[in-house]
Amino acid sequence: MGIVSPGFAGRRRGGSDLPPGQYLTRDFPVLSAGPTPHIQPEHWEFTVTTETGEKYKWDWAELLALPAEEITKDIHCVTRWSKLQTSWQGVSLDTLLADVETGADFAMAHSYGGYTTNVPLDDLLDGQSWIAYEYDGEPLGPEHGGPARLLVPHLYFWKSAKWIRGLVLSDTEDLGFWETAGYHEYGDPWKEQRYAGD
C-alpha cells in the first residue's frame, strides 16, 4: 500500500473562479501522506514555540473557549481539484498569536503523525489563517484533519496541515514534508506554484 491515499474520481471543468489548471469538484477528496491519526480531543494540544524556545500551549477546552469565527473560503489542491465556498469554524491565528512575542519570519506547522509544512508567518496573520475544528457545521472528521487542522486557504491545500499540533517559529525558512520532496516552498495556486522552480 502506498503512503499517499487515493484522491478523487471524475472531473468537472470549472469557470473563472478557479486558479489556472484547476477543475471544480463538489465532493471533498481525501489525500494523506501516511496513515490517519485518531486523536481524541481530550488528548489534543496545540503549542507555539518561538525562535527563542518559549512555548505557548492550548488544550482542547482552551481552544474552544477562544472567540470562534465562521469561515467561508475556496480551497485548491495541488492535485488540481478546487472546492468553492467551503464552510468552516475555527480560531484565527491572529487570536492565538496575539500574545506571542516573536520576531520570526517563518513557521513550520507540525502535525500528529509527523507531517510538516512551512509557511511564512505573514501568511498566518491578518485574517488569512485559522485552526479549524468544524467543517460544514459538523466536528471535523479525522479523514479531513480532525479534531483540528490548520486552514490557510489562499495557498495550495497541502499547506493547511491536517491534525495540527503546533507551530515552530523561526528566523530561517526550513522546508516541510512535501517541500523537501520537490513541491514549491510557497504554493500560490493563482501562480501555479506546484513544484520547486514554478
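**Close-up views of a predicted model**

View 1. For residues 34-178, an unreviewed UniProt entry lists "domain: Oxidoreductase molybdopterin-binding"; UniProt positions follow the numbering used here, feature names are shortened, and annotations may be inferred rather than shown by experiment. The model is predicted, so local features need pLDDT of at least 70 and side-chain atom pairs count only at pLDDT 80 or more, whereas totals for chains, interfaces and linings use all residues. Residues are numbered from 1 along each chain as its sequence is written, and side-chain values use heavy atoms, with hydrogens and water left out. The span 34-178 is 9% helix and 41% strand, and its end C-alpha atoms lie 12 Å apart. Helices (H or I, at least four residues) and strands (E, at least two) are DSSP runs, numbered from the N terminus.

View 2. A salt bridge places a side-chain nitrogen of Lys or Arg within 4 Å of a carboxyl oxygen of Asp or Glu; the count is three. Glu-192 pairs with Arg-80, their closest N and O atoms being 3.9 Å apart. This pair links distant parts of the chain, with Glu-192 in the segment after helix H3 (177-180) and Arg-80 in the loop between strand E4 (69-76) and strand E5 (81-92), 112 residues apart. Glu-192 also forms a salt bridge with Arg-194 (3.4 Å, N to O). Arg-194 is buried at 3% relative accessible area, while Glu-192 is partly exposed at 29% and Arg-80 is partly exposed at 33% (buried, under 20%; exposed, over 50%; partly exposed, in between; 1.4 Å probe, protein chains only).

**View 3. The salt bridge between Glu-179 and Lys-159.** The side chains of these two residues meet at 2.7 Å, N to O. Glu-179 belongs to helix H3 and Lys-159 to the loop between strand E10 (149-151) and strand E11 (164-170), so the pair ties together parts 20 residues apart in sequence. Glu-179 is buried, with a relative accessible area of 4%, and Lys-159 is buried at 0%.

**View 4. Nonpolar cores.** A nonpolar core is a set of buried Ala, Val, Leu, Ile, Met, Phe, Trp, Tyr and Cys residues joined through side-chain atoms within 4.5 Å. In the largest core, of 37 residues, Trp-44 and Ile-131 touch the most other members. Elements that each supply at least two residues of this core include helix H1 (60-65), helix H2 (93-97) and strand E8 (130-135). A second, separate core of 13 residues includes Tyr-23, Trp-81, Trp-88 and Ala-132.
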